[in-house]
Amino acid sequence: MSDATTQQEKFPFGIASVSIGEIERRVPPGEAPPLPPNNRLAFIGKSVPRFDARAKVTGASRFTVDVKLPGMLHGRLLRSPHPNARIVSIDTSAAERHPGVRAVHVVTDIVGRAVEQVPETDPPQPNGVRLPRALYAGAPIAAVAAVTPDAAAAALALIKVEYEVLPFVVDLEEARDPNAPVVFRSAVAGSGFAGGVAAGAEVAQQGNVRGPSRIGTRGDVTKGFAEAEVTVEGEYRTQVQTHCCMETHAAVADWHADGLTVYLSTQFTAGVRNELAAAFGLPRNRVRVLVDAMGGGFGSKSGAGTYVRAAIALSRAAGAPVRVVHDRHEEQVDSGNRPATFQRLKIGAHRDGRLSAISLYTYGTAGTATGAGVGNFAQATYECSNFDSEQYDVFINAGPACAMRGPGNTPGAFALEQAVDELAEKLNLDPLALRDRIDASPVRREERRIGAERIGWSRRHTPGADTGTIRRGIGVAQSLWGANVQTNASCEVRLMRDGSVELRSSVQDIGTGIRTVLAQVVAEELGLTPQAITLRIGDTDFPAGPPSYGSRTTASITPPARNAAYKIKQKLLEVAAPKLGVAAGALDLRDGRVFVRAEPARGLSFREAAALLRTDAISAFASRSDDYGGFRRAMGDAALAQNDLGGVQFAQVAVDTETGIIRVERVVAVQDCGRPINPEQIESQVQGGVLMGLSYALYEDRILDRPTGHVLNADLEHYKIAGPRETPEIDVVVLENYQGESATDAYGIAEPANIATAPAIANAVYNAIGVRLRQLPMTPAAVLAALGRAPYGG
Amino acid sequence: MLATSLAASAAVAEENAPLSIGPGAVAISLRVNGVVRTAEVPPHTTLAEALRGSLNLTGTKIGCDRGACSACTVWLDDIPVASCMVLAIDIGDRAVTTIEGLSRGDTLHPVQTAFIAHDAVQCGFCTPGMVMSCAALIARNPNPSLDDVKTAISGHLCRCGTYPHVFAATLAAAKAAKS
Amino acid sequence: MRPFEWIEAASSAEVTAAGATTVADAMVMTNGHRKVSDPTVVKAGGIDLLDLMKEELLQPRRIVNLRGIAGLDKIAGQEGGRLRLGALATVAQLAVDPLVRPYAALADAARNAASPQIRNVATLGGNLLQRPRCWYFRSVHHHCVRKGGETCFAFGGENQYHAIFDHRGCAIVHPSTLATALVAFDARIELTDAAEAKRETALEEFFVLPTRDPHRENDLRAGEIVSAVLLPKLAAGARSAHLKQAEKESFDWPIADVAVVLEADAQGLCRRASVVLGAAAPVPHRARSAGGGAARQAAQ
């Protein structure tokens with residue numbers, strides 16, 4: 001940012017519940033002026049009802065699974081019945097002849113899982129094609145498109161595949177054995193993001209073990225531990241969690257003369273457009289990706305998986321649109337998951353609580369993907385100058401993992417936050433007091449203060465002090481997540497001569513409410529009501545918006561939305577100025593009027609002003625400018641803001657010492673996301689984060705059968721998810737935290753709301769029964785084993 | 001109700017065996033949202049598939065297709081059922097009410113209004129089923145407790161975790177429906 | 001789900017005429033040969049049947065629908081004080097019917113079974129005849145002993161939801177919590193065949209352990225339908241309860257369930273205690289020593 005073109009502006013700064021001051025920032029030209037705190041705004045900071053709620057409660061919303069195109073065919077995938085097999089031959093002729101079948105496609109490209117860098121050495125098919133090995137039960141082999149789903153299913157059964165069945169391994173511990181069957185025969189490229197931090201590209205690989213990566217290593221831990229007066233060390237295990245989107249992965253592909261249109265249940269229309277253009281050799285302007293209503297992604301719908309490419313290939317071959325929708329079994333087996341982890345964590349501290357060293361050793365499995373790490377939680381949450389991490393990926397014959405809500409940091413927090421709890425006890429310090437000493441963040445400090453008051457922390461008893469069959473306890477844990485920004489994020493605001501306004505961007509609303517939020521931001525700037533703004537989003541024919549992952553949508557797209565609206569405002573005021581006989585700078589917009597600031601009664605209605613436009617419409621384009629304070633780190637299309645996001649959560653549990661059942665009675669979640677734009681929608685997301693965390697803590701576990709290699713609970717019956725009766729009272733507090741970093745100063749919330757819940761529950765369980773559970777999920781069997789009341793643990 | 005005019009298939013195995021129909025498409029009539037509609041579907045078509053397919057009522061969602069998530073909830077004679085676990089051919093003369101039939105014209109059902117007011121919606125995929133169960137509850141029990149609401153939706157899964165707002169919305173809707 | 005033919009039956013005679021076999025027989029395949037080819041099976045509420053067909057574990061040629069048989073859903077008192085529960089009564093009906101209410105353990109079990117949506121469709125007969133939830137049994141990839149294979153995969157596999165009693169040969173647990181309660185009440189089951197002839201047997205004896213036959217959970221014969229369950233007259237002062245313990249309270253299968261029926265004499269002393277455990281064995285498991293112990297205590 002050059003000083004010649006930037007200008008100095010004063011922004012509100014600080015936490016509203018503490019005190020709001022001011023900070024001076026240099027801002028680039030063209031930015032909307034500093035926005036005052038929410039209490040001085042009309043729509044930003046208000047719980048404007050969700051725009052698409054009416055369509056959703058009436059069933060009118062169109063999800064991808066609801067898309068019907070004329071002549072649309074139904075596609076289905078054939079999947080491997082073996083956890084590891086080479087495809088010796090494949091004969092699709094009978095399937096092709098089956099009545100109603102319009103196309104058959106054999107999967108040749110590998111998408112989603114890791115790929116061996118040296119070309120796979122399997123002999124080619126008779127036709128010269130090399131087919132990838134099926135590396136897990138459920139791996140896609142081929143696909144069929146037919147006029148009915150039944151015909152497609154019947155045709156799948158007619159595809160003859162000769163498999164050479166190979167030895168396999170699906171157990172994390174067994175796979176580490178140098179003599180275990182090898183999943184990949186040569187080194188794979190690393191870029192998997194399931195652990196929250198991209199897996200290293202140049203990392204050693206031996207057998208099924210790839211690593212170590214030494215993310216965040218700094219200082220001298222040997223010296224740090226030598227200086228430590230108190231140390232704690234523990235081993236923690238977390239399970240595989242699956243995303244369980246209620247709308248399964250779904251695509252309708254339409255290959256036509258002009259190019260390709262794909263209706264897709266996706267978290268990133270623009271990214272998928274680029275991916276598909278490259279994969280199918282089309283210019284980007286010939287590929288259109290659309291999503292209207294979207295039934296949940298949680299990280300698993302970020303790219304174009306095999307099913308999407310199969311749908312496109314079938315559509316191209318059949319000359320008709322093709323719909324491919326995962327069934328629930330496919331969804332649970334082959335649409336991503338959160339890796340399982342083992343973590344050995346050691347912390348050294350001085351008597352006063354200051355940390356002298358943290359050492360983290362982990363291995364985990366992302367199945368047939370890379371990136372089973374535990375994020376940056378241990379390295380970044382507390383002050384400690386000596387940190388060492390050694391993290392390994394272990395491959396098993398299972399569906400590839402991918403990012404899932406708070407990837408890496410969610411399992412990472414389960415270990416670190418219990419270790420800190422343990423350290424506090426050893427130091428004879430209150431867990432909150434210890435955190436006050438080792439956590440420099442003023443935001444977390446305020447969150448601890450508010451949460452402690454709400455949960456009634458002062459009545460927390462010493463661990464294990466409760467007696468009786470049902471024992472209660474309270475625990476706390478923190479969350480940390482990077483304030484991500486997509487710098488490649490654009491939108492357009494249009495004003496028509498009749499006064500109608502619309503915002504256009506390819507950004508998608510996956511249930512987080514960005515439609516409503518964008519309307520609030522534009523309405524605020526133009527002095528209209530949010531309902532007066534039309535949102536045209538979820539379509540790559542509009543300017544490329546950000547992805548809806550990494551809790552970055554709001555931070556990325558609301559500043560350009562406001563800046564584009566600001567440009568429209570300036571143009572409108574210029575048009576209105578001559579009519580009102582003042583300079584444009586003397587005018588403002590509010591309550592649907594253009595008015596003279598010094599003489600508010602004098603003005604025009606917004607519509608009257610718009611009617612003065614020389615052309616039928618005016619348009620303003622804006623993309624995400626850099627944060628005013630600059631970024632901590634910029635990486636391609638994305639960047640990391642100077643501040644972090646996070647929260648502090650408190651859980652109150654009741655543990656039945658006879659049945660081992662843990663019941664979470666209450667959760668207090670105090671979170672921050674910069675400037676909150678729609679408090680009720682934020683509350684919804686925080687409740688969702690807490691529930692997904694609670695469910696992770698107590699119930700969810702993908703179960704792979706070691707002898708046969710199949711997922712045994714690829715359903716919503718034995719894959720157990722917290723339901724209405726598991727829902728505790730959830731008290732949500734969201735700070736207003738002004739940083740003066742962008743035109744809206746708003747950040748995301750989805751992931752930070754998920755990270756602290758499991759460790760808060762674990763610490764509460766420890767407080768209740770005096771025994772620490774270091775393995776997820778905390779099942780009744782695990783509780784009874786911990787209490788010495790059952791011979792074996794879960 | 002089975003349309004009596006349909007041609008029975010000739011698959012009569014034994015003497016005196018009752019007539020069988022299918023396995024190909026057969027004509028059935030369904031009374032849906034107060035209107036009798038006909039569809040040509042094979043006997044193995046579930047009600048959820050018939051509604052979403054032939055009848056183009058896509059408001060009813062299929063989440064698991066095994067009765068484990070209740071996203072597909074509709075009413076059969078005002079009783080909530082998982083439409084993925086009943087066959088369309090088996091509905092007979094029972095009245096089917098789907099999410100599309102809950103509001104009266106532009107006037108939303110109190111549960112729908114309350115869902116909007118309480119932001120009991122995130123991605124919205126489980127919402128139609130959830131609304132149907134909550135609306136059935138307050139029709140049956142005008143004074144539901146929080147526990148009653150939890151029971152009514154105990155078979156529903158919402159991965160976004162909207163339950164707290166669904167509880168609040170349903171309790172508010174019951175109050176609103178009385179006043 | 002594979003296509004099938006559909007028959008609306010008006011009587012049990014029509015069921016037999018259609019050549020119906022049991023679902024259990026229809027699922028057995030030994031050495032690549034189906035025990036019954038092109039089977040015809042009967043359907044009541046259809047919940048379990050649809051589940052099996054959607055998983056392609058069961059591929060009947062024909063389905064005979066019982067739902068149209070008049071009167072099969074009636075719940076009515078009989079002479080002698082017995083209560084007759086028609087096989088097509090829904091689980092939801094059992095939960096609220098005033099005649100069932102005195103049999104509190106049964107009403108409890110019905111109220112806590114599955115989800116409201118399922119309870120509104122699932123029938124008493126279907127609930128008793130539903131196949132086990134064992135994940136190996138429910139997987140097309142595992143040809144287990146119950147489906148005619150050689151192996152019970154639960155041994156040496158993932159068996160956290162499997163039997164702790166009587167699991168020789170196959171470790172399923174019986175999935176019906178209604179059965180747990182009904183056996184505790186010494187209920188009898190009524191079966192009707194082609195000639196509309198009825199046979200009645202103690203429900204407890206209707207269920208079959210894997211050591212007797214690993215391919216089926218009960219003694220239903222081809223051509224028979226379950227027409228009713230009969231509850232004996234409750235002894236004066238009898239009390240009962242059913243408890244289901246699952247990992248979740250929302251829609252989940254029990255990890256254990258128990259029904260207890262206590263009969264007290266005029267002094268309030270427990271004369272007889274009937275204790276039955278569910279989700280513990282391949283059939284409802286009568287806890288004889290617990291029952292005996294309880295009978296020596298005062299009924300509270």
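The legends below describe close-up views of a predicted model.

**View 1**

**View 2. An open sheet in chain C.** Five strands of chain C lie side by side in the order β6-β7-β10-β8-β9, and their pairing is antiparallel. Because β6 (75-77) and β9 (198-202) of chain C each have a single partner strand, they form the edges of the sheet, and one side of each is left without a neighbour there. On average, neighbouring strands of this sheet are turned by 25° against each other, with direction ignored.

**View 3. The pairing of β8 and β9 in chain C.** Strand β8 of chain C, which spans residues 188-192, runs antiparallel to β9(C), and the two are paired over five bridges. Within this part of the sheet, C:Glu190 is found opposite C:Glu200, the latter belonging to β9(C).

**View 4. The largest nonpolar core.** This core holds 413 residues, and those touching the most other members are A:Ala251, A:Val522, A:Ile761, A:Val765, B:Cys134 and C:Leu106. Helix α14 of chain A (residues 553-580) supplies the largest share of the core, with 11 residues.

**View 5. The surroundings of A:Ile761.** When residues up to four places away in sequence are not counted, A:Ile761 touches A:Gly475, A:Ala651, A:Val653, A:Val664, A:Leu694 and A:Ala697.

Methods: Residues numbered from 1 in each chain as written. Chains lettered and ligands numbered in written order. Predicted model: local features only at pLDDT ≥ 70, side-chain atom pairs only at ≥ 80, totals over all residues. Pairing = 2+ DSSP bridges. Helix = DSSP H or I, 4+ residues; strand = E, 2+ residues; numbered from the N terminus. Axes fitted to C-alpha atoms, helices over the stretch in contact; angles between N-to-C directions. Core = buried A, V, L, I, M, F, W, Y, C linked by C-beta atoms within 7 Å. Buried ≥ 20, exposed ≤ 12 C-beta atoms within 10 Å, placed from the backbone. Contact = placed C-beta atoms within 7 Å.
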